[in-house]
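Visitor: I have a structure to look at, and I am new to this. Could you show me how to read its features?

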Amino acid sequence: MITRRLPALALLPVLLTACSDGSSTTAAPSSTVPAASAPAPGVTLPPDALSALVPAPDEVPAGMVLVVKGSGPRDLATVAGYSSSGTGAQATAARTAAAAKLRAHGFRKAYVAQYVNTATGAVISVVASTFGNAAGATADFADDEKVHSGTPTAVDKVGAASSAAVQTVPGSVAAQLLLLRFRQGTTTWSFAFQAAPSADRAVAVALAKLLVQRAPA
């Protein structure tokens, strides 16, 4: 189970109708970090003060386009809703508990960015959550770390603290989901990268390190 602050990747087929039209750029060079895409004209992240805390359209790997309706600022109720999908008493209880913890940690606001490569099926989904102070962000990150999903994998440290795990994504084509969590100052991130046959850890880490440089103290 993917923990809180990661929008369900299963929603992306529905959200693709909001993607910009535009052809993919040329193939990425053989380096650890693929070249960024040229953003489609007029397609930008929904405006908000937190938009700098997620990857911009010209920073993601080549061929990825912004899922506009899947991106933008999110409030506490929405972020708490990432704790559980579906309906019923159990799902409601999970969302209620998540909301209570967010309030206790001083949650202020979050911002989501989702990208997809329609040719390869690769997906990047990033949630940046901000808190009233660094202690609240630290406590929230620690709570998330108590719930592990997938197999832990070693990557370079990102920010003040980070962890990474991978899991297999079922489907007609074998794919891998890399979930990278990290924090810096008053911000925590959940960074998901799904790709076939495997998610490139170097790509995710390079983008994550770029984001922490923009985080407020």
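Guide: Start with one residue. At 23% relative accessibility, Glu59 counts as partly exposed. Keep in mind that this model is predicted.

Visitor: Why does Glu59 count as partly exposed?

Guide: Buried means under 20%, and exposed means over 50%. Glu59 has 23%, so it is partly exposed.

Visitor: Which residue forms a salt bridge with Glu59?

Guide: Look for a nitrogen of Lys or Arg within 4 Å of a carboxyl oxygen. Here the partner is Arg214, with the closest N and O atoms 2.2 Å apart. Arg214 lies in the segment after α5, and Glu59 in the loop between α1 and β1, so the pair ties together parts 155 residues apart in sequence. Arg214 is partly exposed too, at 31%.

Visitor: How many salt bridges does the structure hold?

Guide: Six. Another one joins Lys209 and Asp156, at 3.5 Å from N to O. Lys209 sits in helix α5 and Asp156 in the loop between β5 and β6, so this pair ties together parts 53 residues apart in sequence.

Visitor: Which residues do shared partners join into one network?

Guide: Lys101, Asp143 and Lys146. Between Lys146 and Asp143, the closest N and O atoms are 3.3 Å apart.

Visitor: Is Asp143 buried or exposed?

Guide: Buried, with a relative accessible area of 16%. Lys146, at 63%, is exposed.

Visitor: What about the whole chain?

Guide: Count the elements along the sequence. The chain has five helices and eight strands. Then check burial: of its 217 residues, 51% count as buried.

Technical notes:
Residues numbered from 1 in each chain as written. Predicted model: local features only at pLDDT ≥ 70, side-chain atom pairs only at ≥ 80, totals over all residues. Heavy atoms only, no water. Helix = DSSP H or I, 4+ residues; strand = E, 2+ residues; numbered from the N terminus. Buried < 20%, exposed > 50% of the residue type's maximum accessible area, 1.4 Å probe, protein only. Salt bridge = Lys/Arg side-chain N within 4 Å of Asp/Glu carboxyl O.
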